[in-house]
Amino acid sequence: MRKSNYDKQPATRIAGQLWKGWQAVRDEINRRCASLVGKKSVVVVVECYQGVHHEELTRELSALNPSLWVDTQSVFKSVKEIETMTYPYVTDDRLFGYRAHFTYADFLDASKVADARQQISQATGLVLVYGHGAAVVAPESDILVYVDMARWEIQLRFRRHEINGLGVENKAEGASYHYKRGYFVDWIVCDTLKKQLLPKVDYWLDTHMPEQAKMITGETMLAGLVKTAHQPFRVVPFFDPAPWGGQWMKRVCGLDPEPANYGWCFDCVPEENSLYLNVEGELFEMPSNNVVFHQTRALLGGPVESRFGQDFPIRFDFLDTIGGGNLSLQVHPTTQYIRDTFGIYYTQDESYYLLDAEEGATVFLGLKTGVNPDEMIGALQESQNTGKPFEAEKYVNRWPAKKHDHFLIPNGTIHCSGAGAMVLEISATPSIFTFKLWDWGRLGLDGLPRPINIGHGSHVIQWERQTEFTRDNLVNQVKPVAEGDGWREERTGLHENEFIETRRHWFTKPVTHHTDDGVNVFNVIEGDELIVESLTNAFEPFVVHYAETFIVPASVGEYTIRPYGTSEGKECGTIKAYVRFRQ
């Protein structure tokens, strides 16, 4: 097992000023207020993303000593009203809901908002409007501050029962219920407002690290987003244990050896990950989705934007079962099913690319020839109801898996990685729509049985994808594409039903790539160190390392990748994913 110099804190360097610590933050807000001479009142609006620590924020911001403090919690509808309004979208299901289309106006009591606005208009001195929807309550502000929060940090706070959803009191709920409310309701509301505010914000506040506030100007923030969208970059990876988790990432990614395992690494999921700006040597953290929202076309390219809007459609993550166990046997919904059932307009097609594998590693993929659907579903139900083991190999193919194999998994295909594999999962972005059919009789890390979704799964399994189809269409569909001096290119997938295309390059010399007006996502599958360079010096040379995932925005156009440092003169490899459009 190799060790690499995997970078866990990638950042975009940007010039600007950063205020660190609450005293410095307050001093700058006071300075800005003092510069607004001749006004009877100065209205400071502090808009908050869901998941912030309100106790810390209200304590520290109240030290500004405003003459009027308006907390938007006081103008929300009652908890009961909001729970009733959101119930059809949150549902009672442990995992799944239905995509809502609310805005803050649906959460706020119109008469209370009117009263608050009247108070604000009549006040003198410093007026501070704080909380979720503050910019809706006070749309005309003198200073607008946005307290942002990345979804991964929000999820950690869910697990610790530290935060509530929008307008409800649900700290005590399990993390999966929190995530469901966020995914189907709250984050949609927050993102809708954030997209409107992005070009207007005066200051961005980073409170991801409790009691260590950092603040930058809106100009610095926007400059950082523009720079990021015009050069190769990486989002901040995060790692998480799993019931089936392994040991490979501990060494290769330089992780804390104390946890029992790491099963997941979200190495490129802009919906979930953070993005760092390096401002004066300090890391300023924000959701990486901000660059998608503000620089959509530069990042995604016109054709991808036209199809996916402000969704980043490609996801790269790691699944580590080396020294671990099998993933759950699972299936993803078909496109029509995910639309009809959950209100999501595209589904989670995916593939498994093996970065590494132990001797004897396997992948479960596709049904055995001649399988009887009623018999299989019955056996799954019996296992769920009685605890009797499900005979997976009676119904599902188990394929030998070795390093650099590529298994394609269009929606509706039964699959799971077996033990002993280090999987780079290349998939479409919808992230929670995995219908577990069998989980080998084990418990989750919370000590509870993991959710099994045989009912959903039975509606989407594509029963014709049996042994011959799987072998001929889904296992190692590698085809040479082109070669030149010191390089060769191969197509490794995905299946024609999937919108993602992947190309693998092996090279000892520079390889020229072109984004073709679409975002490119890469992983370094061989080689300690590579360098990405512009043919026109449009961006600074960008160094990447083994196993790192990086994004090349559509705006980059033509660029090269070559071995670098200790990898010079050695054969290196990358796999590239992009959205495929038929010619």
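The legends below describe close-up views of a predicted model.

**View 1. Largest pocket of the predicted model.** The space in the largest pocket amounts to about 1,300 Å³. Its lining consists of 41 residues, and those nearest the pocket centre are L95, R159, S176, W264 and R450. Two or more lining residues come from each of the helices α7 (151-159) and α8 (175-197) and the strands β9 (238-240), β10 (264-268), β13 (314-320) and β15 (350-357). By class, the lining of the largest pocket holds 21 nonpolar, 10 polar and 10 charged residues.

**View 2. Second largest pocket.** About 570 Å³ of space is found in the second largest pocket. The lining has 22 residues, with W152, E153, V236, Y276 and E285 closest to the centre of this pocket. At least two lining residues are supplied by each of α7, β9, β11 (274-279) and β12 (282-287). The lining of the second largest pocket divides into 12 nonpolar, 4 polar and 6 charged residues. Helix α7 and strand β9 also give two or more residues to the lining of the largest pocket.

**View 3. Packing of helix α3 against helix α8.** The axes of α3 (residues 79-90) and α8 lie 10 Å apart and form an angle of about 100°. Angles of 65 to 115 degrees count as roughly perpendicular, and α3 and α8 are therefore roughly perpendicular to each other. On the α3 side the contact involves T86, Y89 and V90, which meet K180, R181, F184 and V185 of α8. The residues of this contact comprise 4 nonpolar, 1 polar and 2 charged. Helix α8 is also one of the elements that give two or more residues to the lining of the largest pocket.

**View 4. Surroundings of R94.** R94 is located in the loop between α3 and α4 (104-107). Its relative accessibility is 24%, so R94 counts as partly exposed; the partly exposed class lies between the limits of 20% for buried and 50% for exposed. Apart from neighbours within four places in sequence, R94 contacts S176, Y177 and K180, together with D446, L448, P449, R450 and P451. Among these contacts, S176 and R450 are also among the residues nearest the centre of the largest pocket, and K180 takes part in the contact of α8 with α3.

**View 5. Separation of R94 and P553.** R94 and P553 are 459 residues apart along the chain, and their C-alpha atoms are separated by 36 Å.

Technical notes:
Residues numbered from 1 in each chain as written. Predicted model: local features only at pLDDT ≥ 70, side-chain atom pairs only at ≥ 80, totals over all residues. Heavy atoms only, no water. 1 Å grid on protein atoms, 1.4 Å probe; cavity = no way out; pocket = protein on both sides within 12 Å on 5 of 7 lines; lining within 4 Å. Points joined across faces, edges and corners; volume = space filled by probe spheres on them. Helix = DSSP H or I, 4+ residues; strand = E, 2+ residues; numbered from the N terminus. Nonpolar A, V, L, I, M, F, W, Y, C, P; charged D, E, K, R; others polar. Axes fitted to C-alpha atoms, helices over the stretch in contact; angles between N-to-C directions. Parallel < 35°, antiparallel > 145°, perpendicular 65-115°, else oblique. Contact = heavy atoms within 4.5 Å. Buried < 20%, exposed > 50% of the residue type's maximum accessible area, 1.4 Å probe, protein only.
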